Amino acid sequence: MTHVVTEACIRCKYTDCVAVCPVECFHEGPNFLVIDPEVCIDCGVCIPECPVEAIVEEKDLPTGQLEYLALNTELAAKWPLITQSREPLPDADDWASRHDKRALLTESA
C-alpha cells in the first residue's frame, strides 16, 4: 500500500508533508506534488500535515479520485524529488477549498 496525493493539492502545493517524510518519497511538479509509491513506506505521518487534506491512504481513495494512484506513479518517475518544505503557491489559499481542479494540473513546465 501507499499514500496518494489527490486533487486537493492542485494549485496549492503546500509542502508541510515533505518536511516530515522519513523516506523522501515526494516529487514536485509545477502546481502539484506526488508520492512515489515505490518509496512510500505507508507510515502516514504526512496525512495530518496537509492543510487541505490532499493525502490519503490508497485503500481510502474516493471513487472519483482513483486515477490519482496511477497519476502519482507516472509523475513521480518524471518529476524531481523534493526533500524540504517550501512556500506554497502564491494563491494557494484561494484554491484550497475549490473542487474539480483536475483540468488545471500542469504536468510539465
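Glu 74 is partly exposed, with a relative accessible area of 37%; on this scale, buried means under 20%, exposed over 50%, and partly exposed in between, using a 1.4 Å probe and protein chains only. Glu 74 also forms a salt bridge with Lys 78, and Lys 78 is exposed at 55%. A salt bridge here is a side-chain nitrogen of Lys or Arg within 4 Å of a carboxyl oxygen of Asp or Glu. By this rule there are 8 salt bridges, and those that share partners join Lys 13, Glu 28 and Arg 86 into one network.

Before we go on, please note that this is a predicted model, where local features need pLDDT of at least 70, side-chain atom pairs count only at pLDDT 80 or more, and totals for chains, interfaces and linings use all residues. Residues are numbered from 1 along each chain as its sequence is written, and side-chain values use heavy atoms, leaving out hydrogens and water.

| Asp 60 | Lys 59 | 3.4 Å |

Glu 67 is partly exposed at 40%, and Arg 102 is partly exposed at 25%.

Now look at helix 2 (residues 67-76), where Tyr 68, Leu 71, Asn 72, Leu 75 and Ala 76 are buried. They lie on the same side of helix 2 because they cover an arc of only 120° around the axis, taken from the directions from the helix axis to the C-beta atoms. These buried residues pack against strand 1 (3-5), strand 2 (26-28) and strand 3 (33-35), with contact meaning heavy atoms within 4.5 Å. Helices (H or I, at least four residues) and strands (E, at least two) are DSSP runs, numbered from the N terminus.

What lines the second largest cavity? Val 5, Cys 9, Tyr 14, Cys 17, Leu 33, Cys 50, Val 52 and Ile 55 do. A cavity is a set of points on a 1 Å grid over the protein atoms alone where a 1.4 Å probe fits but cannot get out, and lining residues have an atom within 4 Å of a point. The largest cavity is lined by 13 residues, with Cys 21, Cys 25, Cys 40, Cys 43 and Cys 46 nearest its centre.

How values were computed:
On a 1 Å grid over the protein atoms alone, a cavity is a set of points where a 1.4 Å probe fits but cannot get out, and a pocket is an open set with protein on both sides within 12 Å along at least five of seven lines; lining residues have an atom within 4 Å of a point.
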